[in-house]
Amino acid sequence: MSDKTLTCKDCSVQFIFSEGEQNFYKEKGFMNEPQRCLSCRTAKKQQRRGRNNFSKPNAFGNRMEFRFGSK
Ligand SMILES: [Zn+2]
């Protein structure tokens with residue numbers, strides 16, 4: 001197995017799906033390769049966290065971004 005280059009579904013940037021990550025996915029039983037680059041995945045994670053924390057002052061901004069992003 002070796003590193004793979006994938007294209008991000010969200011920002012069309014090319015990113016590396018490393019051997020280590022591929023092993024991690026296999027261990028977890030994921031059948032699909034990641035669809036997004038690391039920065040998009042991190043952003044999604046933060047948006048998810050933002051939606052769960054309505055009391056946080058920046059939760060509103062995150063929700064707006066999420067709406068624009070899913071259009
Ligand atoms: Zn991306």
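Reader: Where in the chain is confidence lowest, and where is it highest?
Author: This is a predicted model, and its confidence is lowest in helix H3, residues 59-69, with a mean of 52. Strand E1, residues 4-7, has the highest, at 97.

Reader: And what does the chain average?
Author: The average pLDDT is 82. Of the residues, 70% score at least 70.

Reader: OK, layout next. How many helices and strands are there?
Author: There are 3 helices and 2 strands. Along the sequence they come in the pattern β-β-α-α-α.

Reader: How much of the chain is buried?
Author: Buried residues account for 1% of the 71 residues.

Reader: What about helix H1, how many buried residues there?
Author: The count is 0 among its 10 residues, 19-28, and H1 is hardly covered.

Reader: Which residue follows H1?
Author: Gly29 does, and its phi is positive, near 85 degrees.

Reader: Switching to the start of the chain. Where does Ser2 sit?
Author: Ser2 is in the segment before E1.

Reader: Buried or exposed, and why?
Author: Ser2 counts as exposed because it has 6 C-beta neighbours inside 10 Å. The cut-off for exposed is 12 or fewer.

Reader: Last one. What share of the contacts joins residues at least 24 apart?
Author: That share is 27%, taken among contacts between residues at least 6 apart in sequence.

Notes
Residues are numbered from 1 along each chain as its sequence is written. This is a predicted model: local features need pLDDT of at least 70, side-chain atom pairs count only at pLDDT 80 or more; totals for chains, interfaces and linings use all residues. pLDDT is the predictor's confidence in each residue, from 0 to 100. Helices (H or I, at least four residues) and strands (E, at least two) are DSSP runs, numbered from the N terminus. A residue is buried if 20 or more other C-beta atoms lie within 10 Å of its own, exposed if 12 or fewer, and partly exposed in between; C-beta atoms are placed from the backbone. Two residues are in contact if their C-beta atoms, placed from the backbone, lie within 7 Å.
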